[in-house]
Amino acid sequence: MAGEESKKLKLYSDWLSSCAGRVRIGLNLKGLEYEYVPVNLLKEEQQTPEFLKLNPVGFVPVLVDGDVVLADSFAILMYLEEKFPQHSLLPKDLHGRGINYQAANIVCSSIQPYQNISILKFMKEKLGPNADVAWARDQIRRGFAALEKLLKDYSGKYATGDEVFLADLFLAPQIDGAIRIFKVDMDEFPLLARIFKAYLELPAFRDAMPGRQPDTPAEHRD
């Protein structure tokens, strides 16, 4: 039974991590129960010996499913998709799957890495106190511009049509972070702004957002 299996799931997450946010949305969409284990990135808990045994790279999220330990949000979501087929994260047609993979990879390879804590710390140390935010905002805008062009012929209510698929799981936390942390003006990206509003109408997305996690600081709760 999926419900019984899902109780084994344990997710190591930080409330503000967009990578962990993708997995939280996926778990919610599939109706899977899981134990939330907070990892405070600002306190560098991801670099403790205990955590590095789970993920030697020192990043969240990490999913533990019984004896299975997986890091990397893309790998985790594909694992969940294979094991728990309810609410498929991928469309049936091959072209649609390809567009979802492409959009997801723009987020996870061409946007998100440039706003990692370690990268922003390095930019601030080398180039000055405001360089980190300016750098991250510029990279986000470049990635969002590419996504606007890619999705204009495929979007419906959501990124690739009128159903939620993999691309949406990557887009929602990234857009939230762009607005919440880096104050990106979404008027420049009308397609992304529109679908983000649609995401917030869905409980699976709302409940996965940073403002609603067990480790969300009181001053940041929605």
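How many salt bridges does the structure hold?

A: The structure holds eight salt bridges. A salt bridge here is a side-chain nitrogen of Lys or Arg within 4 Å of a carboxyl oxygen of Asp or Glu. This is a predicted model, where local features need pLDDT of at least 70, side-chain atom pairs count only at pLDDT 80 or more, and totals for chains, interfaces and linings use all residues. Residues are numbered from 1 along each chain as its sequence is written, and side-chain values use heavy atoms, leaving out hydrogens and water.

Side chains of opposite charge can pair when their charged atoms come close.

Start with K30 and E81. Their side chains meet in a salt bridge at 2.8 Å, N to O. This pair links distant parts of the chain, 51 residues apart. K30 lies in the loop between α2 (18–29) and β2 (35–38), and E81 in helix α4 (residues 73–83). Helices (H or I, at least four residues) and strands (E, at least two) are DSSP runs, numbered from the N terminus. Both K30 and E81 are buried. Buried means under 20% relative accessible area, exposed over 50%, and partly exposed in between (1.4 Å probe, protein chains only).

Next, D65 and K83. Their salt bridge spans 2.6 Å, N to O. D65 sits in strand β3 (residues 62–65) and K83 in helix α4, 18 residues apart. D65 is buried because its relative accessible area is 4%. K83 is at 29%, so K83 counts as partly exposed.

D153 pairs with K152, with the closest N and O atoms 3.3 Å apart. D153 and K152 are both exposed. Finally, salt bridges that share partners join D176, R180 and D222 into one network.
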